[in-house]
Amino acid sequence: MTKTRRCPICEQGTVRPVATRAAMPYRHVTALEPAWEVRIPTCDNCHERLIDGNTARSLDAALEAALQTLQTQLVNEAIDQLATVKTQRQWEKRLGLSPGYLSRLKSGKEGSVVLTTLLSLLAQAPSRQWKQTEAIWSGRDQAAAEVLSFPARGATIASTFHFQQEASSQSASVSQLRDSQCVVARFEEAA
Amino acid sequence: MAPRYPVDKVIAAATNGDLDLVGSRARDIVQTYVEGFADSFSFASALVAALRLEHFQETVTLGPPYKGEFDVYICPISSELMSRYGLEHVPNWYVKLKLTENDNGDSVLVVSMHPPEKPARQRRKR
Ligand SMILES: [Zn+2]
């Protein structure tokens, strides 16, 4: 809307386009400042804004541009923080990302709300989260974790576990690990 | 009781795209239900275009800054609209509007649009 009109809300003021960069909700963002000024029909008396079709499209274009900038900025901050404890490639491997994916995210060539959120969460405590993600992917079963952490035989069993993993490209089952533990115990008894 | 504004004129204006959403209401819809302002506007237009006389509830006046009378409808949305906007969990909508004029003629001003806070009352037959 480019012309002025009488305000349909208060029926006293005049509605005319007013340029603004006031923060608005957009997609998953609660308050986002548009990338450029958007002219929104606004009443000079009650100060209410009116959203018509053209205004809605203009707002979305400016908000989408702002969202891309914000996402790239968040991703850059997060990856830089993560890189203080492990290399980008190590994080890519841990998160199942292809080589160079984090660099593409940083350059803004790729974008993902889920990944941006995940990386930002990881970046809040990178060292601890590296260990946490290691625990997550070392096996789903609590019993497996306990077997693996058994102090006297942990190294041997862990080696068996990794050997089995590499051989079968699958996670070792708890029963396999218990079998391994028995083998080690029998070996120790025999010795 | 009949609506203050003829429903066929309201529908015609919304179908033409002659509709304004009060800014704060558009913002609420974006915040809670849809992705952006264009979705918010197109959903409002589709919703108003789907109004029927039997959805009419009452005519009300509002406090400042709102002048004039407003018609209230509680309208079920089609399964097509539900799936287009991901609103399967919100089958009914409360809409408060009035018919105004712009350069093109009739124009709808939507001042409320949200799920109903209480169940729709049965409209009394005249
Ligand atoms: Zn006004």
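1. The model is a predicted one, in which local features need pLDDT of at least 70 and side-chain atom pairs count only at pLDDT 80 or more, while totals for chains, interfaces and linings use all residues. Residues are numbered from 1 along each chain as its sequence is written, chains are lettered from A and ligands numbered from 1 in the order in which they are written, and side-chain values use heavy atoms, with hydrogens and water left out.

2. Chain B holds four helices and five strands, where helices (H or I, at least four residues) and strands (E, at least two) are DSSP runs numbered from the N terminus. Read from the N terminus, its elements follow the order α-β-α-α-β-β-α-β-β.

3. Six strands make up an open sheet with mixed pairing, in the order 6(A)-1(B)-5(B)-4(B)-3(B)-2(B); two strands pair if DSSP finds at least two bridges between them. At the edges, each pairing on one side only, are strand 6 (50-51) of chain A and strand 2 (56-61) of chain B.

4. Across the chain boundary, strand 6 of chain A pairs with strand 1 of chain B in the antiparallel sense over two bridges, and A:Ile51 stands opposite B:Leu21. Strand 1 of chain B runs parallel to strand 5 of chain B, joined to it by three bridges, with B:Leu19 opposite B:Val108.

5. Strand 1 of chain B is covered on both faces, since B:Leu19 and B:Leu21 on one side and B:Asp20 and B:Val22 on the other are all buried, buried meaning under 20% relative accessible area with a 1.4 Å probe and protein chains only. In a regular strand the side chains alternate between the two faces of the sheet.

6. Further along the sheet, strand 3 (residues 69-76) and strand 4 (residues 92-102) of chain B are antiparallel partners over six bridges, and B:Asp71 has B:Leu97 in strand 4 as its bridge partner.

7. As for overall dimensions, a compact globule of 126 residues would have a radius of gyration near 14 Å, and the 14 Å of chain B agrees with this; the radius is taken over C-alpha atoms, and the globule rule is 2.2 Å times the number of residues to the power 0.38. The C-alpha trace of chain B spans about 35 × 35 × 30 Å along its principal axes, and 48% of its 126 residues count as buried.

Key
Buried < 20%, exposed > 50% of the residue type's maximum accessible area, 1.4 Å probe, protein only.
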